[in-house]
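I opened the model today and kept brief notes on what I looked up. The entries follow in the order I made them.

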Amino acid sequence: MCIPLALYKSDLENPLNILLTNGRFPVSLDLARQLKLLGHHVFVLDPMHYHVCKFSASVTKSFQVPPPRVDRRGFINATLSAVQEAKIHLIVGMHEELYYLAESKEPEITSRLIAPEWTVLLRLHNKWEFSKLLEEAGLDRPRAWLCRNMEDAKKLDRRLDLALKPVFGRASNNVYHLKPDEEGLAEDLNINEEEEYIAQEWLYGDRFCCYAVIREGRVDAFGVYPVEDTIDGSSCVYFRSISHPRILNYVQRLATFLPHQSLPYQASFDIIETPATSTSPSRLVAIECNPRATSGIHLFSGTPNLAHALTIPPSPSALSPSSSPSPSTSLSKRSLSKLGKHHTKTDLTNLTYPIIPTPNTKRQLAPGMMMWKKSERGAKAWLQHMKRLMGSKDVIFNKRDLWPSLMQPFLLTSYYEICREQKRKLPDMFQWELCWVSERPCLVQCFGMKR
């Protein structure tokens with residue numbers, strides 16, 4: 001049975017210095033607060049001079065760095081400088097800038113980075129490789145076909161209901177719904193060896209998102225929420241924790257199959273559970289994986305529970321029989337020894353893993369919730385939305401850390417000025433310079449012999 005960790009006052013004797021790889025997203029602010037609640041010192045990197053974490057009392061210092069998409073080497077060098085200056089013990093990847101750091105092969109970075117080994121990280125991030133990984137692990141998955149060029153896309157069986165999307169896509173960007181018996185492809189579709197696509201069986205059912213912290217082949221922290229309120233059909237702005245043992249078992253089986261390592265890493269999954277019919281049972285499948293921080297972190301908001309899972313290895317007595325660790329090799333003895341010195345005095349012998357959020361925890365991104373359009377739904381859905389809006393806590397607002405909320409008008413003005421300079425829309429501008437761009441030699445080296 002999974003029991004959430006009880007709240008307790010931090011009493012770390014020697015807190016860790018932890019570096020978050022960006023400070024602009026609400027999830028970065030939330031995690032900074034959680035880590036601070038446990039007693040750690042939090043630092044952030046960001047190409048922006050002004051961002052939400054810069055004004056938080058939970059952040060010790062913010063380092064402005066070159067954008068990784070524009071200047072890879074400059075970003076890596078600036079990260080190294082921050083690690084040395086702040087005497088960083090752990091680096092937590094918040095968005096795709098994580099991939100630039102994992103790819104760098106800089107020991108001072110990779111020995112502190114909460115991430116899988118580079119090839120495993122790429123397999124989880126690449127939608128085609130992730131689909132193959134699920135098959136190897138014996139887990140259910142949507143049927144899928146790799147499209148290396150437009151000719152491959154034209155050869156797809158158009159009698160099927162398909163989703164066509166980039167193997168390194170994110171959110172719902174460039175996702176095409178190929179409906180049965182419709183002919184032709186979108187005019188703006190461009191598939192080539194630099195940007196391959198995956199055609200995936202389009203499944204209908206209940207949608208869920210889950211977030212996990214994985215260590216030594218087991219799930220140490222786990223949260224799951226249904227996809228309810230979104231602003232574009234895929235980007236959630238409302239998060240309600242639920243218990244779903246079937247999803248937890250699915251993720252645990254994958255964690256056991258993946259290479260084991262002593263440092264933890266984050267993994268988030270988009271899940272669909274299809275309804276049972278008279279001719280077929282219900283299916284539960286993972287559509288894709290994000291091996292980094294995602295909004296599932298909000299389910300642990302206001303507690304040190306997730307921070308505990310990320311920074312303190314569990315004692316043997318804390319592990320339930322179903323999640324007992326398997327033999328593993330140390331990824332970084334240096335980093336692991338650092339972690340071993342930072343246990344709290346709190347009695348942890350009665351804890352049971354994985355750590356889960358309090359059931360029915362509700363959080364929202366208030367600006368996103370207010371962007372929800374009534375015209376897109378019926379009156380009943382609007383009433384449900386208003387109930388959620390009024391009955392859940394905002395992620396950014398915190399009465400003990402008010403400046404991030406008070407500075408929202410200033411930040412929004414700053415963001416729109418950047419949009420004007422870059423000639424980009426706000427959602428694109430906000431993540432463009434952080435997004436990882438795959439390079440062909442890297443992909444051939446990692447996947448060329450596996451296809």
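In which loop is N360 found? I am working from a predicted model, and in it I placed N360 in the loop between α10 (333-340) and β15 (362-364).

I then looked up the backbone of N360. Its phi is near 65 degrees, a positive value in a residue other than glycine. Most residues other than glycine have a negative phi, so I noted the residue. I also checked the accessibility of N360: at 43% relative accessibility it counts as partly exposed, because that class lies between under 20% for buried and over 50% for exposed.

I found E216 with a positive phi as well, about 50 degrees, although it is not a glycine. E216 sits in the loop between β10 (206-215) and β11 (218-226).

Next I turned to helix packing. I looked up helix α6 (residues 127-136) against helix α8 (residues 245-257): they pack at about 90 degrees, and their axes are 10 Å apart. Angles of 65 to 115 degrees count as roughly perpendicular, and α6 and α8 are therefore roughly perpendicular to each other. From α6, the contact is made by F130, L133, L134 and E136; from α8, Y250, L254 and F257 take part.

Last entry: the surface. I noted a nonpolar patch of about 450 Å², made by F397, L402, W403 and L406. Of these I looked up L406, which is found in helix α13 (residues 403-406). Is L406 buried or exposed? L406 has a relative accessible area of 53% and is therefore exposed, as the cut-off for exposed is over 50%.

Definitions and conventions
Residues numbered from 1 in each chain as written. Predicted model: local features only at pLDDT ≥ 70, side-chain atom pairs only at ≥ 80, totals over all residues. Heavy atoms only, no water. Patch = residues over 30% accessible without salt bridge, like charges linked within 9 Å, V, L, I, M, F, W, Y side chains within 5 Å. Areas by Shrake-Rupley, 256 points an atom, 1.4 Å probe, with all protein chains shown as cover. Salt bridge = Lys/Arg side-chain N within 4 Å of Asp/Glu carboxyl O. Helix = DSSP H or I, 4+ residues; strand = E, 2+ residues; numbered from the N terminus. Buried < 20%, exposed > 50% of the residue type's maximum accessible area, 1.4 Å probe, protein only. Axes fitted to C-alpha atoms, helices over the stretch in contact; angles between N-to-C directions. Parallel < 35°, antiparallel > 145°, perpendicular 65-115°, else oblique. Contact = heavy atoms within 4.5 Å.
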